[in-house]
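Please keep the sequence and the model in view while reading the numbered points.

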Amino acid sequence: MSMENRRPQLNLAELHQLKWLIGGLLALISAWTVVYMDVEAWLLLVLATVAIPVVTVRPGLTMRVPRLAHRLAFPILLSVFAIDMAGHWREPLPPVIRLALMLVLYRVITPRKRRDDLQIIVLGLFLVVVGGVVSVSIVFAAQIVVFTACALLFLLVITLVDGMESEPTLAGETGGWMQVEWRRLAQRLRECVDWRVAVLGGLLFAGVVGLSAVLFMAIPRFELGNSLFLDRLITSHAKTGFSENIQFGDVVDIQRDTSVALSVDVSDRSQMPAQLYWRMLVLDEYSKGSFRMSAAAKFSLDRVSAQNARVQGDAPLSARTPVWTFYVETGTSRFLPLLGAFNEIGFEGEKEVAFNRDTGLVMLRQTPSKMLAYRVEGMQSGPSLKLPEKGGEIRLNDKSELKLPSLTELVLHTDEKVKLAAWVAEIGAPPGSAPEFARSASRWLAKRHAYSLQSSIGSGPADSDPLVRWVDSAEPGHCELFAGAFTLLARTAGYPTRVALGFKGGSWNARSENITVRNSDAHAWCEVYDKAAGAWLRVDPTPGAAAVGDSANAPQGEAVLARIRDDSWAARFESLRVFWYRRIVNFDQQSQVRLVHNAKKLADERLREFKKTLREKLEALKAWIASPWDARRVAAWGLSAAAVVFGVVGWRLAGRGAWLRWRSGRMRGGPDPVRREAGRWLRKISDSGSVMADLDGVRAELENLRYGPSAKWPEPTGVFRRAKRTLARRRR
Amino acid sequence: MSDFVSAPVVSEARQILERLRANMRVTIKGKDDVIEQVLVCLVAAGHLLIEDLPGVGKTTLAYSLARSMNCAFARIQFTSDLLPSDVTGVSVYDEHEKRFVFKKGPVFANVVLADEINRATPKTQSALLEVMDRARVTIDGEAHAVGAPFLVFATQNPVDYEGTFPLPESQMDRFLMRLHMGYPEANDELEILRAPRTNYDAIVLNAVANRDDILRLQVVAQQVFIEDSVLDYVLKLVTATRTEAEFKAGVSVRGGLALKHAAQARALLLGRDFVLPEDVQTLIVPVFAHRLALVRQSPDALEERRAITAILRRITAAVALPV
């Protein structure tokens, strides 16, 4: 005799409705993964976002799809895929993802059999996993957790439906479930679901997720993306970004993009430099009104590349220099942003890296298709840059026929050179001192031109130099114009000068404690070779920047962070991303050890606090008892104790029964709590298998509660108490 | 009608039924379960079909019941030449009064034993079945009420099928229960053998209840509380017989109602004012078995009955109890 099943069950139609709902949810979750992938599927995504909820809420709509559409669906999908594939055969993954999306969409807007339900799970899993591997974002973690929970529920419902459908049913029942009253279904769900089981299942799932998280933290890292090669299949096309072919004016374009370019962790905040110039590349060649990286400089980078997880620099390592960790977003650049010379760069795996000691530039052979992380030790962050290169003398391979441009020569018309010489004379800096010239020239430029992102260079003869024209005019300009103009002036004055590109500044995310640099922080400045110091000097001629030599007086360390602190909601959201990066990226086992240490420290601290609190409470109690007792105090305490005793006894006598009765009065239609409780005790009695005479009396009372008319119930609490007592006695 | 029965009424009903039970035990030895089911049938105002071999005490059972409640008893031996009017009565012309006068048939009693009902022609059978259903006889447009309470004990010989007109399933449906008496235990049979009497007419029994008591019991039984989950259990059992592949057809709505009424009567019999799932379980075979037929009919009626009982037991085990 079965003793299960004390509550109503969902019927087949209701299970079908539930299945339909969860299926729609799964499809929606998997469709939205496309947002995080760099796949052109916006139309499909919008279609899915509209169609899936509508069809899920009104399953009857699927019947309106003409029969012909079903017959044509497969050939159409296949041909669309074939055309798509033919157009993108170099990158097969995006068409496959689009196909998966189309299939999910088709499955959702048509009636589903069991096979089709399972197909939704498989397609959804494909989309979610690919989305996770490609994007490596924290949303993926949330998505896969929700997806797994839904898929488990979905499978459960499918199994239930299968179980019921194997029983013979009346003909014509199929499709009858499509008239859904969602409110009624929700009500039925509330009736039928055993919430204890549901909560237990939820806890179990949460436990599994938590355990997985712990395992994830604990196990040695490996690169999922690299082992699957999935990221290679989607190459990211950055809309903005620095490259060696950057044209004059491109920096301003980058500035218009406010998305995050990189996030930086620093191990010691007190070492924060006054000025943050994230140097990425230098442009040494000037011709036809624009700066570019000379072919020779590029070539020099190409020569010294190696597959390596570490790049050794020339700067000395000192205990005081902080460790910087960079997380560079996709599409920023393949040149690594750095503050200056460094001792060592460590990657999270082997990378094909090119490093030129002379220019201090580090470049990846390939543009990274996902977030790039690296750690820099012993990085100098001051305004002067000591490099092996002496004023533009880059060592080239002997066999090379390439010639480096001179950093002091200019290819200009004579009249333009004359103009430049006149301006240099007007600046009037003492010869031989690069810092002096830099300060004077910057001041001179700032006096002539205001700063503006919108600038126009006055028209002139077609072959005349635009930069010289701009300096000649009174037009406002942006950083590139200032940097370019300064370079022309400095070279005319005989100082080797080049334009440096990268980011300037950033904001301090107080939540995740990292520096966030946006594309809008893109900047151009100059580097002048200071022969006296034997180092390259950073000069930012753009108005508003600190003048050369000023940085010594500028605030440093925490004060810098306080100035650029960002507490906005966007920062809070980005902090999640950084948190995720920190967890998935690992350079060695250090962070894991640190994590365990921190956990232990935290537990110790809590324990210490708890002990302290306990001790304090005990002391307080002792003091309280020791303090003199008067009549009022005794009376007050006596009364309180009596009230507590009265409350407990009253509750035991009548409270629970009254509560049960009140609830049974309120819950019309649902399972009655008194009856349920009585059923529970009856079950216990029958499980105990006893046939004692004293049990019969209790059993009769319980049966009365379970099956009898409620108006003639005995006091439920008393009966339950007697049942408990009798069973306990029987066990003894 | 109130929702439930008051405690004094229940205890009074129980007393009456206990007296009846004890009284019948005097003559029917070792058949307590049969007596209980007969009483259930009486309280539920249903009719009984007893299928058994001749000479196991069917007549004695019916007669004892009639005597115990001080009611009129009639016995009709069904044969193939029995006419409907032999059962219900006939209108005869009265010379003195110059009009037709209705002469009541044997069916106008409280307990009617229809012996070997399957020997009569379908026409006669249906005459009896109509009386069972309506509790009245209509002759020449005039309705004559039969006794109240009215309980028909129909008997059938399951083995001897020669020259019989088996009752179709639709007619079987009108019986509340079908019972088997079976042979008594050796000890009980020895006691029967010792008794001097040979005929049921020789049975001397005191009446321990009267008609009004029985009618009141029948009203009270209808008021016995049956909780929703138990009703749902009845429904599930009924549905299970309908979806069972081995049955030709499931139990009718009347069958479900019969199970409910019988369970209410049993609860009252045991002194309860509410139905337990156990009541339903105990009664499912006597109430359902005769209403069902197998898809693959067995040539042996007893074999078929055994198979049906086994399936019903299986169904009972499969349908979850409302606990």
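**Notes on the predicted model**

1. Helix H13 of chain A (residues 414-427) has 14 residues, which at 1.5 Å a residue should span 20 Å; its end C-alpha atoms are 20 Å apart, in agreement with that value. The expected span is 1.5 Å times one less than the number of residues. Helices (H or I, at least four residues) and strands (E, at least two) are DSSP runs, numbered from the N terminus. The model is predicted: local features need pLDDT of at least 70 and side-chain atom pairs count only at pLDDT 80 or more, whereas totals for chains, interfaces and linings use all residues. Residues are numbered from 1 along each chain as its sequence is written, and chains are lettered from A and ligands numbered from 1 in the order in which they are written.

2. Which residues of H13(A) are buried? They are Leu420(A), Trp423(A) and Val424(A). These residues cover an arc of only 100° around the axis, and therefore lie on the same side of H13(A); the arc is that of the directions from the helix axis to the C-beta atoms. A residue is called buried if 20 or more other C-beta atoms lie within 10 Å of its own, exposed if 12 or fewer, and partly exposed in between, with C-beta atoms placed from the backbone. On the other side of H13(A), the exposed residues are Thr414(A), Asp415(A), Val418(A), Ala422(A), Ala425(A) and Glu426(A).

3. The cover over the buried residues of H13(A) includes helix H15 (466-472) and helix H16 (479-492) of chain A. Gly428(A), with a positive phi near 65°, follows H13(A).

4. In chain A, five strands form an open sheet in the order E2-E11-E14-E15-E10, with antiparallel pairing. Strand E2 (277-283) and strand E10 (384-385) of chain A are the edge strands, each pairing on one side only. Two strands are said to pair if DSSP finds at least two bridges between them. H16(A) lies across E11, E14 and E15 of chain A and runs at about 15° to E14(A). Such angles run from 0 to 180 degrees between N-to-C directions, and the axes are lines fitted to C-alpha atoms, for helices over the stretch in contact.

5. Why is strand E14 (residues 522-530) of chain A described as largely enclosed by the rest of the structure? The reason is that nine of its nine residues are buried. Ala522(A), Ala524(A), Cys526(A), Val528(A) and Asp530(A) point one way from E14(A), while His523(A), Trp525(A), Glu527(A) and Tyr529(A) point the other way. In a regular strand the side chains alternate between the two faces of the sheet.

6. E14(A) pairs in the antiparallel sense with strand E11 (residues 497-504) of chain A over seven bridges. Here Ala500(A) is opposite Trp525(A), and Phe503(A) is opposite Ala522(A). E14(A) also pairs in the antiparallel sense with strand E15 (residues 535-539) of chain A, over five bridges; in E15(A), Trp536(A) is the bridge partner of Tyr529(A). E14(A) and E15(A) form a hairpin with four residues between them, and Gly534(A) in the turn has a positive phi of about 70°.

7. In chain B, six of the six residues of strand E8 (residues 151-156) are buried. Leu151(B), Phe153(B) and Thr155(B) point one way from E8(B), and Val152(B), Ala154(B) and Gln156(B) the other way. Strand E1 (residues 48-51) of chain B pairs with E8(B) in the parallel sense over four bridges, with Ile50(B) opposite Thr155(B). Strand E5 (residues 111-115) of chain B likewise pairs with E8(B) in the parallel sense over four bridges, and Leu113(B) has Phe153(B) as its bridge partner.

8. The largest nonpolar core has 110 residues, of which Val43(B), Leu48(B), Ala114(B), Phe153(B), Leu259(B), Ala262(B) and Val275(B) touch the most other members. A second, separate core of 91 residues includes Ile254(A), Ala354(A), Ala441(A) and Trp525(A). A nonpolar core is a set of buried Ala, Val, Leu, Ile, Met, Phe, Trp, Tyr and Cys residues joined through C-beta atoms within 7 Å.

9. Gly60(A) is in the loop between helix H2 (42-57) and helix H3 (67-87) of chain A. Gly60(A) counts as exposed because it has 12 C-beta neighbours inside 10 Å. Leaving aside neighbours within four places in sequence, Gly60(A) is in contact with Met178(A) and Gln179(A); contact requires C-beta atoms, placed from the backbone, that lie within 7 Å.

Notes: Contact = placed C-beta atoms within 7 Å.
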